[in-house]
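The sequence and structure are shown below.

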Amino acid sequence: MFWALCCVLFSGPKDTLTHPRFVFHLLQTDAACCEQVYQKFSNSKQLSQRAYAAAAQMSMAEHTINPYLKLRYFNTGKALLESLIQQHPQNAELHYIRYVIQKHAPGLLGYNGQIEADRALLLKALPYLKHNDLFLYNRCRSIF
């Protein structure tokens with residue numbers, strides 16, 4: 001029985017990228033994770049997965065030294081995320097993603113104009129999230 005358990009637990013790396021929300025916190029520090037999230041979810045039919053792919057694209061700017069690529073990655077991902085938020089303005093997860101990115105984006109980029117609006121929307125959504133999306137609820141609580 002012990003050997004069977006060991007074989008299951010240590011049989012090699014698994015695809016832990018079942019949903020990008022579980023690795024969102026790694027995007028800023030892990031270039032391979034950014035690339036994986038972007039490649040796997042940029043054409044997803046799920047709205048939140050596309051939003052995390054946009055965040056991954058924005059975060060790829062952290063992992064290149066070329067200033068032109070930094071700006072291109074960031075602006076392309078930002079345009080996609082903003083477009084998704086325009087299409088779905090009440091989606092709390094999209095606002096959570098934007099809020100976190102704005103909090104960590106360098107001031108030089110000027111991407112901080114919606115921090116207070118996103119924070120207000122997330123605070124208002126907390127009671128709903130507490131009953132319907134405990135993962136996102138806990139993530140939102142951890143950033144305030």
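In this predicted model, the start of helix α2 has a side-chain oxygen of D30 within 3.1 Å of the backbone nitrogen of A32. Helix α2 spans residues 31-41, and its buried residues are C33, C34, V37 and F41. Because these four cover an arc of only 105° around the axis, they lie on the same side of α2. Their packing partner is α3 (47-59). A32 and Q39 are exposed, and they sit on the face of α2 turned away from its buried side.

The loop between α2 and α3 contains S42. A polar atom of the S42 side chain lies 3.0 Å from the backbone oxygen of Y38. With neighbours within four places in sequence left aside, S42 is in contact with V37, R50 and A53; V37 is also one of the buried residues of α2. S42 and Y52 are ten residues apart in sequence, and their C-alpha atoms are 8.3 Å apart in space.

S48 belongs to helix α3. Its relative accessible area is 13%, under the 20% cut-off, so S48 counts as buried. The side chain of S48 makes a polar contact with the side chain of H19, at 3.5 Å. With neighbours within four places in sequence left aside, the residues in contact with S48 are H19 and E93.

| Serine side chain | Partner | Distance |
|---|---|---|
| S48, side chain | H19, side chain | 3.5 Å |

Note on methods
Residues are numbered from 1 along each chain as its sequence is written. This is a predicted model: local features need pLDDT of at least 70, side-chain atom pairs count only at pLDDT 80 or more; totals for chains, interfaces and linings use all residues. Side-chain values use heavy atoms; hydrogens and water are left out. Buried means under 20% relative accessible area, exposed over 50%, partly exposed in between (1.4 Å probe, protein chains only). Helices (H or I, at least four residues) and strands (E, at least two) are DSSP runs, numbered from the N terminus. The arc is that of the directions from the helix axis to the C-beta atoms. Contact means heavy atoms within 4.5 Å. A polar contact is a pair of N or O atoms within 3.5 Å; within protein, one must be able to donate a hydrogen and the other to accept it, and residues adjacent in sequence count only if both atoms are side-chain atoms.
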